Amino acid sequence: MNTNLYLKMKEKIKEADSIVIGAGAGLSTSAGVNYGTKDFDKLFSELVKKYGFTDMYTSSFYDFDTEEEKWSYWAKHINYLCIGMSATEVYKDLFELVKDKDYFVLTTNVDRQFLKAGFKEEKIFEVQGALTKIQCANACHNKIYDNTQMIKEMLKEDKNCRIPSRLVPKCPVCGGNMEVNLRKDNFFVEDDYWYEHEKSFQKFINDNKKKKILFLELGAGFNTPSIIRYPFEELTSKLKNAYLIRVNNKYAFVPSDIKDKSLEVLGDIARVIKEIRD
Ligand SMILES: [Zn+2]
């Protein structure tokens, strides 16, 4: 890759008063927190045999017959992509890159990698939820619960892709089923924590709107472009001193009206971050 491009990136990061990181699925894929892992067959042979699953993404839409089977699956999913995984290299590199800067993170990723890598919790807005949280499936109340301990219990007692009925989580208010707190339909619960972080994000943009604000977008494609990609383009266009660096292994292009205040970086995010960190 072009050395000049790396130099330009470094320069923009250095001169920025504040940095907004926008992280989509492409970042975690590059980090190896991968839903379509090539070792899926080996790691989850039971799931392959029983349901014909091929990866952790498509399998998460499966309609299980029983809650015992559903939670057996989710315990494996959550443990593999989140609880059992420590901070990956690229997230650690990213933290080293911005830790002394005034930063804020907006992410659609649910794997908690930013938190694990050392980013301050109050500076991370996880728009789409997180794998370590559960909510009422009917969204009967807007409270979210941590699932780390229950997932560990489930894994311990899992047998033939089922957990014991006594470990199936039930809503403490309506007694109904629970779901992982991931945005997939209108039942997604946004609790006080979610609203506080949304407010902090808006405040960060507002406090920095006149300064040299750098939008560092990493792996945000077209699954949910209205959360990171489009707003970053709009803010870059609107704010006089804003600049956008878009790193993407497929869709690095930017609209023509912001060409002169942005950088298109086509390539593997992990490699790019490593290059500019050194
Ligand atoms: Zn409920």
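These notebook entries record what I looked up on the domains and the sheet of this structure.

**Basis.** I worked from a predicted model, in which local features need pLDDT of at least 70, side-chain atom pairs count only at pLDDT 80 or more, and totals for chains, interfaces and linings use all residues. Residues are numbered from 1 along each chain as its sequence is written.

**Domains.** I looked up the domain assignment (bounds from an automatic or database assignment): domain 1 comprises 1–33 + 87–128 + 190–278, and domain 2 comprises 37–84 + 130–182. I noted 30 Å between the C-alpha centres of domain 1 and domain 2. Nine residues of domain 1 are in contact with nine residues of domain 2, contact being C-beta atoms, placed from the backbone, within 7 Å.

**Sheet.** I then traced an open sheet of six strands, paired in parallel, in the order β3-β2-β1-β7-β8-β9. Strands (E, at least two residues) and helices (H or I, at least four) are DSSP runs numbered from the N terminus; two strands pair if DSSP finds at least two bridges between them. β3 (124–126) and β9 (262–266) are the edge strands with a single partner each, so one side of each has no neighbour in the sheet. The twist from one strand to the next averages 10°.

**β8 and β9.** I found five bridges between β8 (residues 243–248) and β9, which run parallel. V247 has V265 in β9 as its bridge partner.

**Helices on the sheet.** Helix α1 (residues 3–15) lies across β1 (18–23), β7 (213–218), β8 and β9, at about 135° to β9. Helix α9 (residues 192–208) touches β1, β2 (102–107), β3 and β7, and its direction makes about 130° with that of β3. Axes are lines fitted to C-alpha atoms, for helices over the stretch in contact, and angles run from 0 to 180 degrees between N-to-C directions.

Technical notes:
Contact = placed C-beta atoms within 7 Å.
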